[in-house]
Amino acid sequence: MKHFLPRIILVGPPNSGKTTLFNWLTGLKHKTVNYPGSTVSLGRGQLASHWIDQSLDVIDTPGTYSLTHPVQEEHVTVDVLNAHLGDGVPLVSVLVLDSSRLVQFGKLVEDFATIAPTSCLALTMADTLDTRLRLRLESVLNRLVKGRWFWIDGRLGGGVNKIVEYVQNPESLRVPSADVWKQEFSAVSDSSTQGEAWDRWVFHRVLGWPLFLLIMGSLFYSVFWAAAPAMELIDFLFSWLSAEIQVWVGGGVLGDFLSRGVIQGFGAVLVFVPQIAILFLGLTLLEDSGYLARAAALTDRPLLKIGMTGKSFVPLMSGFACAIPAIMAARTVGGARARLITILVIPVLSCSARLPVFALLLALLFPGEPGRAALILTGLYLLGLVSAALAGGVLARVLPERGFSPFLMDVPPYRWPRWKSIGATVTLRTKSYVVKAGPTILMLSIALWALTTFPNYNLADAGQRLQVSWAAGLGRMMEPILSPMGADWRVGVGLVSAFAAREVFVSALAILFHVTGDVTETSAPLLDALTKATLPDGSLVFTTASVSAVLVFFVIALQCMSTLAVMRQELNSWRLPLAVLLGYNLVAYALAVLTYQMMSA
Amino acid sequence: MTLMTHLSSVAHVGTSWRIHEIDGTEDMKRRLHAMGIHEGDKLTVLHALPFSGGWVVSFGPFAVAFRREEAESILVQGPLP
């Protein structure tokens, strides 16, 4: 494999336009990589061939205000700079600054020039300046850093070619002290108080929070609603393809493997793509417009108590739709500890895949009483929320706060989003999910197919085949563990199968209890079969106590291989996801046993 | 009458102050300097964050959101007209 050495590193404060410049330099062909040993992502790509015919690596670092006294999340930038400065490869560092706020960053410029001498300044957002201010800034810049600074037009890519030319013949960056920088730019900057008319409503004592809930609710709802048709289409296409493959290849083990293992595995990967794309579209829009920073400021205080920050709110809320995009959205959370806690808490929130399971079990508990079922359903969602808050509280005490991590957040001016940049971010993050989490989901899907299919593949009846499968063996092995929570081996098989996706629990029970035809979670034949199902001693399988216990188990348990795969991708390790799997499932089991035993007594 | 007190105790929306001293920890001082906030700077309290005890404060061309804890590290003089 050809290895491209890193050559250009983009450094700068948050919201300075680094990623926009990165997109222009790499021509949108790049990927995110986790910095070794951390949960922080870096953008990494190659300089696009239309700039020069030479392979150069470009690295986009997380936003940083200080290189000499970095806080927790800024260490990665300093480490990357130091690592690449010391490896003998020629390196050009580019400090990206918002030109409307140059006065703010004298210390960063001074430190940057000391640490990375072969470098230049890229000044963005020049389109927001009036012509007179721009000319005044040019005059000061030419005096202080002549020939080492470039305007960058984020919308049209103007000035990017100048950076590329400079990179080929870089020179030392000499800058004045931070005090002189501040003095020079204070004299020419717009000193009027920065304030936005819309902020009167955004931070309004009474209307601020309802407005926030409306905006976030719309985003959350669109992840649910707007993604549904595309998800249904993907589901339909893969079901059709799966059936067609069986016809083309024949009904043998190969056809079954291809149709139920491989094709349905691919379907399990791609079905989340619409939700991920829509969530990131919304998030990037809010981030680029400047609203996300304000939303983080609004929600910071309550989340601080459970180890997270205001920026955790959006990923947490997205977790109610689906944990996969929500865990990926935690990339926007600044601070490694807050991001880690956010990722670890998300699986407890009641995602949409739990809904069919809840619907089935509630229909068993309250037949013909939709009002009571709805009330308990609300209670289950609240239980998920309370469990997440408790998990956050515990994690905040267990995970040490490393170093100084204050809440000082720039409140950027409102800006029109840059559609090209938004498109690139959405594409990149969606691709990152498919490429990184996809193979793991596919592998686990094939493993589950093998568990539910073998060793008695030759049996014609799907129900009988499942009953004598390895998964059923596992279910029977689990029966002594499951019986204290009132579940028999068939429920155990359902729980194992639900690891493919929680809603599979419904179809697995339908197969195990010999219900044929098109089954939904509330279809009468399924409910009838489950209501009448008995244990060998003649007692009912699904009693109020046993159904309540399974409900409680599903609220807490991490029952989703895709979530596990995405956690591994984001945390760059299997250790924590497996610890979380064990931890949540043990707590879920203990609570389910407690529920069953108390209700039976 | 000119007051000298911590920003957290006088951060009323619409008032302006001059930073006399950053008297928090050394880390806090460095952080504020890194964000372009220095002794002698003029600030204006733009908004109080609802239900959080924090503020959005303008420093001329840029604005920063503070928690109460950070505002307790900033000794200000004023109010300015």
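## A tour of chain A

The largest cavity holds about 60 Å³ of space. A cavity here is a set of points on a 1 Å grid over the protein atoms alone where a 1.4 Å probe fits but cannot get out; its volume is the space filled by probe spheres set on the points, joined across faces, edges and corners. The model is predicted, with local features needing pLDDT of at least 70 and side-chain atom pairs pLDDT 80 or more, while totals for chains, interfaces and linings use all residues. Residues are numbered from 1 along each chain as its sequence is written, chains are lettered from A, and side-chain values use heavy atoms, without hydrogens and water.

Select the lining of this cavity, which includes Trp24(A), Met125(A) and Arg418(A); lining residues have an atom within 4 Å of a point. Helix 1 (residues 18-26) of chain A gives the most, three residues; helices are DSSP runs of H or I, at least four residues, numbered from the N terminus.

Next, select Phe212(A) and Phe313(A). Their ring centres are 4.8 Å apart and their planes at 55 degrees, so the pair is tilted (centres within 6.5 Å; under 30 degrees is stacked, over 60 edge-to-face, the rest tilted). Phe212(A) is in helix 8 (residues 208-225) and Phe313(A) in helix 13 (residues 313-318), 101 residues apart. Phe212(A) is buried at 1% relative accessible area (buried is under 20%, with a 1.4 Å probe and protein chains only).

Finish at Val541(A), in the loop between helix 23 (524-532) and helix 24 (544-556). Val541(A) is also buried, at 3% relative accessibility. Its C-alpha atom is 9.0 Å from that of Val491(A), 50 residues apart along the chain.

How values were computed. Helix = DSSP H or I, 4+ residues; strand = E, 2+ residues; numbered from the N terminus. Buried < 20%, exposed > 50% of the residue type's maximum accessible area, 1.4 Å probe, protein only. 1 Å grid on protein atoms, 1.4 Å probe; cavity = no way out; pocket = protein on both sides within 12 Å on 5 of 7 lines; lining within 4 Å. Phe/Tyr/Trp six-rings, centres within 6.5 Å; stacked < 30°, edge-to-face > 60°.
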